[in-house]
Amino acid sequence: MRDSRGSLHIQGVEKNFALPQGDLRVLAGIDLEVAAGEFIVLVGKSGCGKSTLLRLIGGLETPSRGEIRLGDKGIEGPGLERGMVFQEPRLFPWMTAWENIAFGLRAGTEAKEGEATVGKYLSLVGLSGFEGAYPHQISGGMQQRAALARALVSRPEVLLLDEPFGALDALTRIQMQLEILRIWKESKGTVILVTHDIDEAVFLGDRIAVMSDRPGTFRDILPVKLPRPRDRSSAPFVKIRRKIYNEFFHSTRKEG
Amino acid sequence: MPSPGTNGKSPLFYRLVLPLLVPALILVVWQVLSDKGFFRTSILPSPLVIAQTLQSLLASGELLGHLRTSLVRVFEGFAVGAILGTVLGTLMGLSRFWDRALSLVTGLLRPIPTIAWIPVLILWMGIDEGSKVTVIAVGSFWPVFMNVLQGVKGTDPKYLEVARVLEKNRWVVLSQVILPSALPSLFTGLRVGLGIAWASVVGAELIAASSGIGYMIMYAREVSQPDVMLVGVVTIGLTGLLMDFLVVQLEKRLFRWNQAAGEGSK
Ligand SMILES: Nc1ncnc2c1ncn2[C@@H]1O[C@H](COP(=O)(O)OP(=O)(O)OP(=O)(O)O)[C@@H](O)[C@H]1O
Ligand SMILES: [Mg+2]
């Protein structure tokens, strides 16, 4: 399905939140054209509006100005064609890992087919053997991986990932990055991923959108034209890394 | 058998011995003081006398008969109150319309103590079973209603967002997200409600009845049998304790996911 489906058009998007002390402008003048099947990474400092932008694309918020279209359809509320992994796992504590993942299945999925799909993604995210565990019985990283599987079972055209590997250790993180790339290639879907990790951004993205502080705008959108799998220690990789690094250190001295 | 971590005392000590120690001590002191003639037996019989009375009331089947009558009333009234409380609490928790429409009525009725309804209900329904069961239903309704309402309203919006993103229909959202998340609250309500139901059956029987534990106590007072009275009082306490224990056990069975967690989204 590599046509206009899965392409995203973000034009002049602005987002204000009404607060008691007045409007808070979180995003301003966001323009982005995402081709179907593209892997976009958003990087930016805490509070710059990355999650807000994902929620706008996900249809959980509406833009104060501008518009977002998926293919040729304007976005009106959430939909299964846009899978979402939130910054927190948001697993239901009353369901086992298996049940949580199965909750992501489309209504009307045949039982047998659903079972096979859930099983497939459960092992894909490395949770085999934990299907019967409740969220409080597995680690934060495992919860995040279960949440990823829940978003994948309905095979969305666009996958919105809000720091999905934030709770993972460095090693599992690298492993999950490889998994995500594999899933992305196989599904030919569009991915928009938020991260704090510059290394991760360069490793994964076709393009990296660097966001400025509030109100969030795209300070720069860098293409990463390196073949995959990328070598993290290669000269071009390090060069792009340094470039992004410098983006942050130019206007602000300190980075958390 | 010393086990590590509990100061050399076994878990059995904490689970069984220690809780029983204090009541045992009270009984011993009470018995000793009674033997020395500290209490007038027409007002406070000794534990041994009460135990003998208990035995004979059990043997004659009188006590169990009264207990059964009371329990049947409690379960009838509790079932009605709990079902109405759950339904109304869910309805008002889900729908802003019904919440607004009924909030003043429920707010007005809720502070009225259950006992205040007894004379009113006797006037409306007579002194037969109906009025007693209704008193119990009213008593158990409120805690169930309040807890369910709070539980349904308190569903974490983050969970609701997950369901929205996955395009779940209203029924799935209700049955798989809202109700499970409200279930611990429901159980709190049921537990408190059952306690109140049990307390109010006795209240209802004290006023008008010809059988039941409450009646037994009242009648014993009229015919000056303090030992029978106290057997009745103790039976109420023990039955209440047992009911609470059973609800807690049921709760533990049902909420494997909510144990150990402790925190989580309430
Ligand atoms: N519903 C809301 N109401 C009011 N303000 C909000 C709301 N959601 C987000 N904000 C504000 O918008 C700003 C951006 O929030 P957002 O969650 O998008 O940041 P972020 O870039 O994802 O940060 P982080 O990296 O820490 O997750 C913050 O200042 C936040 O306080
Ligand atoms: Mg965020």
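## Largest pocket

In chain B, helix H1 (11–35), helix H2 (47–60), helix H3 (62–94) and H10 each contribute at least two residues to the lining of the largest pocket. The structure is a predicted model. H1(B) provides the largest share of that lining, with 8 residues.

The largest pocket holds about 500 Å³ of space. It is lined by 21 residues, and those closest to its centre are B:Leu27, B:Leu54, B:Val234, B:Thr235 and B:Leu238. Sorted by class, the lining of the largest pocket consists of 18 nonpolar, 2 polar and 1 charged residues.

## Backbone exceptions

Most residues other than glycine have a negative phi, and most peptide bonds are trans. The residues below depart from these patterns.

In chain A, the peptide bond from A:Arg228 to A:Pro229 is cis, its omega being near 0°. A:Pro229 sits in the loop that runs between strand S10 (218–223) and helix H7 (235–251) of chain A.

## Positive phi angles

A:Arg90 is not a glycine, yet its phi is positive, at about 55°. This residue belongs to the loop between strand S6 (82–85) and helix H2 (97–102) of chain A. A:Arg90 counts as buried because its relative accessibility is 9%, and the cut-off for buried is under 20%.

In chain B, B:Ser224 likewise has a positive phi of about 55° without being a glycine. B:Ser224 lies in the loop between helix H9 (213–222) and helix H10 (226–254) of chain B. With a relative accessible area of 59%, B:Ser224 is exposed.

Notes
Residues numbered from 1 in each chain as written. Chains lettered and ligands numbered in written order. Predicted model: local features only at pLDDT ≥ 70, side-chain atom pairs only at ≥ 80, totals over all residues. Heavy atoms only, no water. Helix = DSSP H or I, 4+ residues; strand = E, 2+ residues; numbered from the N terminus. Buried < 20%, exposed > 50% of the residue type's maximum accessible area, 1.4 Å probe, protein only. 1 Å grid on protein atoms, 1.4 Å probe; cavity = no way out; pocket = protein on both sides within 12 Å on 5 of 7 lines; lining within 4 Å. Points joined across faces, edges and corners; volume = space filled by probe spheres on them. Nonpolar A, V, L, I, M, F, W, Y, C, P; charged D, E, K, R; others polar.
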